[in-house]
Each structure stands twice: as C-alpha cells, then as structure tokens.
Amino acid sequence: MKCKYTTNLEFVVQNGSLKVNMDDEHTAGFREPCAQCSAVDWGISDEGRFYCRSCHNVIERTREVVDLTFTPGSTRVSTIGRGSRNKRPEGGREWMVCEGFQFILRNQANALLRLGVSPHFKDQVLCQLWRLFLQKSRQAYTSNPVRSSTFKVNMDSDSESVAESSVVSASETDGETNLPSTAGSNVDSSSNWSLGSGSVDGVAYVTARRKRGHCLMSMKKTLALILLALIWSREPLTLSDLLRLVNEGHVPYVNAYEELPEEMRLDGRDAAIFRVERIPSHQVVHKEAQALVLYLQLQAFPPISRQSLLHPALLSLRYLTDANLPDELHPWVCSLMEHAGMADQTRHTFDPVSCPALPRYDVQTAALIIVTMKLIFGMDDHSEWDLSSEASVHDDRENMFNLRRWYRLMQAALIKAQQRRHNDIARKQWKAKKPIYPKRKLKSVVMKRKRVAEQVQICFEKLSSCPVSVPRCDPSSFRFCWGDEDGADGPSLHHKKLDRAVSLKNDILTPSNSTYWHPALRPCDSRKCVSHYSEVEATLPRSFVWLLQLFSFLLDVKPDYLYEEVLRVERRVFSSSMPLNQHLGKTGKTTTRTRKRTGTGTRTGTTTSQRLQETKETR
C-alpha cells in the first residue's frame, strides 16, 4: 500500500479504498464562500492558512473558541489557530475614513426609510448634502484634494503612528452598491498602509481634525447632517425624535461601525473616530447642525408653513396630547404664538439673511405651551390651586379640567417613566460585539474584559430569570399612552373643558387668572454666560419648576435648556408692539409680576403697559 502527504496535510491512501481528511475537523465551522470562486471547500496549508481547494485562493483565519458556560473562578479559553498572530489578516482592502462615514450615513438613512421617512430625504437631499460636504472639505469631488502631512514612524511608541497617509478622494458610492475605493491612487505608499489603523488615513484624520475642527466628519456630525436633511425635506421628525430613535436603537449610532463591510477592517486610531461611548445631547447636535449650515453655506431652506408638521401650530397639538392636556388649550397656544410674532413661516424657516439661526422646533413649541399654562393657570404655587378648588366645587358632571387632578395623574406616570428609563439605561449594552483595539498591545486586555462582561451578564441573567438586555420597543412619537385600554398610563383628559380657568366676559373668552409673573427678562451676553437657571431655580415656583421638568422629560433635554427658551418667548411676548389683550381677547388690564432675588423676597407688581416699556428699555 503506497501513500503520500500532500501540501495541505491531507493524508491520501493510494489503494482507493480509504481517504481521511484531517482538515475537516478544523474547517467544519467555517462555511463562508470563497471570494474568488464562491466555493465552500476549505483546507489548511502547512503555514496554518485556510485555502480554497477549488481555486487555491489563500486566506488566513485564526479562530478563537470561548466556552461561555463557565463557572466562577474558571477563565480557561481554548483556541484553534495556526500561523503567526502578528501578521495582519488578509482579505481587506484599502479604504478611507470618509468611506466609513458614508456607509454609516447610508445605514442611518435606510433605518429612517424603514420607519416611514420619504425616499426623497435620502436620494435627493442627504446625498447632495454629503457630496457638498466632501467637496467643501476637499476630500472628494474636487480637482485639488487635501493631502496630509508626512508622519514619522515610531513603532516603539504607544501611538503606533502611520508613515504616510492622506485625506483625499473617497469612494463615490452613495447607493446600495459597494464599489472599490478610488483613494488608493492618492496614497503615497501603500506598503505603509495601516501601521497604526485599519483605514488608510486613520492617524492623519485624527490629527487633521484637531487642526481643522469642523472641516472633517465625526459621529456627532452624522446626526447633524441627518437633521439638516430632515428639516430640508420637511419631515415630521424633530431633533428630540431623532435622538430618541438613536437611544432606542432604531437608528444606528452606538457601535454603528459594526455594520461596515467585512473588508473594511477597523484598528488602531479608527477607535478614536468611529467608537462612541455616549449619545450627544440635544444642544450639542443642534450646535453641530448650526455649524454645518454655516460651513456648507446653504441657501434658504424650503418654507415651514402652518400646514407643516414642524410648525408650532401643529407640533403643539402633539405635545398637548402627550402631556394629557385638554384640547381647548390649543387655540390659546396659537393666539399667544401670533401675539409673539412666531406664527409667520419666516420665523421657522432657515435663511442665511432673514433667519440665520437654525430653529429648534421642539423646544420652542414646548416653551410656547409653558407660557400659555402660566398665562391661564398662573403656575405661581397659588393661582393654579385656587382655580382647581373652584373647578372641584362646580364640576357636577366631572367634565372640567382640574389642574390638581392632572398634576397627580402626570406625576405618577412621570415617576414610572423616569424609573423605566433609568432601568433601560442601566441595562443598555454599550460594549460592541466587534471591539476596536486602540493599540494592538491591548487586544488581549480588551478581549479578556469582553469575556468577563459576557460571563457576568450570563450569571445575572440566570439569577434574575429575565433577559439582561433591553427589549427593543416599537418606535413611537409619544412618551405616554392615555386612555382606557390595557397598558395605558392613565385616563385621557383631552376632552375636558376649561370652564373655570377661562370665562366669558363681554362675549370674549378671558383667562380667570388676572396676573402673570416672570423672571427678569434682561438678555445676557451669550459669549459670557449660558444659563442662570441653577442660580434662580430655588426662587421659582415649584409648580413652574415641575412643569419644566415634565416637558424636559418629553423632549429629553435639560430643564435649564428649556428655561432659556421660555425666557426668549416671554421677551417676544412683552416686546411686541401689539397689546397682549388684543390677541387673547381680554378687555381689562393684566397685571404682571417680576420675580426678583431680593433680601426680603418681595415681588414688584406692574401693569402690562409699564412692564412692556421696561422690557423695551432693557433690549
């Protein structure tokens, strides 16, 4: 019987009666097709590399097998691997950082399309904005692309810097196809590719971003660019809606790099570019969007008319419904909006000349509702409770809106919702399934931490008899659900009447509350101070502070952020040349009270005309 050994460790018996393939036990778990011939027939060479028996295409594959059914105290890991672990895995391709952001933007846009956003948003708006950004930053669509400076290679340093790289033209793929990158022709030395990162220009991108600031893309800017495209398309999604979808995982952001194609391997400095550990706040994303608008030098956006769902006239309906407030409040919100000069579509449409500040539709609408609540109910810790007591006495049919009852109902639902959010944040999985190693020396440390986290998670899941991860809920535009159905947060108060809060005088509906208080409205220099809410919060009425907290929860913003918007609305209300009574239908004088932090804590009372004159003098 004659026998021989082939180069792939395959032992063949020549008599034709027996054939034993020693590779099968090592390649059984690897069922990916060959990139060259699409065959699934793998063997292992003498060097320990997997190769295709059909076309002899050689790849390198090192597979780790970790036993997660572990008992505490045991950290043994069994591995199957051959060849040197210091060699860079093959099968990847040269790619640019802007290509990675392009794939992430595409995935975020596709997620919004699946949620019902119009395809016009992606094809006609977002793609054009992305091309314009690449052209403005001279990364693509330009005859004079940016080239990076030369970096010295220091393999002993912790940074493991790359030799030469450049921030140049990206792949022009903006559809569903993944075409090869054209950036390779602009790289000075491909042999130096990815000494410090998986991308061609990862190290240079990080360095250049520190110098050029807003000229280069970041993960926060992807949300800002998405926001600009949504506003341009007039989609009924505000910034708070977008951030909520990101928080709930419906739009990829945290660990979004995991959805990049397999051949785009991330390593080294790519971690500083694509890895995020927190979701940016409303204020941060809006600031990034405002900077992008100025950087791209965009023209006037399509007008946001009263028929648009972004306009406060319609957006306030949604927030009143979510806050379980009566529908009869909506006409008062619209009247106050007209008096403040905020009904005109030019106030809500970005224009580099007439309206250079990007509107904050959600925060502005919530501020209008809060000012309306102060106007009708007082919200000074006295007037609202007096009106509630009066409504309780005269409410025989129980169809009047009682603010005390509403407060108790909302407070109970708010506490449950806050606790639910706190639990979801605590159970949220922030660690990636495919971690990026900032330094190759730390790969073993990162993998060990990942294994420990997974093992601890399994232990907690067994002890608690419930899944550790947060169950993904269906996307919704509302925080609360009101009604009689199962799972509702409480009964609906939308049909209640404002009979005791407003009264008919001379055939005109007039608020029963005759006073209006407000803090000092003197505007501050935005370059020197941001907000004084923390200083004055202790002096504000508790009912007003609670109202701020309620709408801050609905929008997922900080109370001081909403408080400053309330002050802006009040400045517009009291600086209007048209009397407040003409819009709100009141024929008598309305007294306003300015809350001041004084030694005696007294309040000063003035008439509307006097307060209006003082406000104009301080402007």
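Leaving aside the neighbours within four places in sequence, Y563 is in contact with P519, Y533, V536, L540, F544 and L548. This description rests on a predicted model, in which Y563 has its place in helix α17, the helix made of residues 559-574. Because its relative accessibility is 3%, below the 20% under which a residue is called buried, Y563 counts as buried. A367, although 196 residues away from Y563 in sequence, has its C-alpha atom 7.8 Å from that of Y563.

V206 is placed in helix α4, which covers residues 202-212, and with a relative accessibility of 6% V206 counts as buried. When residues up to four places away in sequence are not counted, V206 touches R269, A272 and I273.

Of the contacts between residues at least 6 apart in sequence, 70% join residues that are at least 24 apart. The accessible surface of the protein amounts to about 31,600 Å², and 50% of that surface belongs to carbon and sulfur atoms.

Helix α8, residues 282-296, takes part in the two helix pairs considered next. Two packed helices are described by the angle between their axes and the distance between the axes.

| Helix pair | Axes come within | Crossing angle |
|---|---|---|
| α3 (residues 119-136) and α8 (residues 282-296) | 10 Å | roughly 65° |
| α5 (residues 219-232) and α8 | 8 Å | roughly 70° |

How is α5 oriented relative to α8? With axes that cross at roughly 70°, α5 is therefore roughly perpendicular to α8. On the α5 side, the residues that meet α8 are K220, K221, L223, A224, L225, L227 and L228, and their partners in α8 are V284, V285, E288, A289, L292, V293 and L296. By class, the residues of this contact of α5 with α8 divide into 11 nonpolar, no polar and three charged.

In the other pair, α3 and α8 are likewise described as roughly perpendicular to each other, and α3 passes α8 in a left-handed crossing. The contact brings L129, L132, F133 and K136 of α3 together with L292, Y295 and L296 of α8. Six nonpolar residues, no polar residues and one charged residue make up this contact of α3 with α8.

R138 lies in the loop between α3 and α4, and its phi is near 60°, a positive value in a residue other than glycine. R234 has its place in the loop between α5 and α6, the latter helix being 239-247, and phi of R234 is also near 60°, again positive in a residue other than glycine.

Technical notes: Residues numbered from 1 in each chain as written. Predicted model: local features only at pLDDT ≥ 70, side-chain atom pairs only at ≥ 80, totals over all residues. Heavy atoms only, no water. Axes fitted to C-alpha atoms, helices over the stretch in contact; angles between N-to-C directions. Helix = DSSP H or I, 4+ residues; strand = E, 2+ residues; numbered from the N terminus. Parallel < 35°, antiparallel > 145°, perpendicular 65-115°, else oblique. Left-handed = near helix turned anticlockwise from the far one by under 90°. Contact = heavy atoms within 4.5 Å. Nonpolar A, V, L, I, M, F, W, Y, C, P; charged D, E, K, R; others polar. Areas by Shrake-Rupley, 256 points an atom, 1.4 Å probe, with all protein chains shown as cover. Buried < 20%, exposed > 50% of the residue type's maximum accessible area, 1.4 Å probe, protein only.
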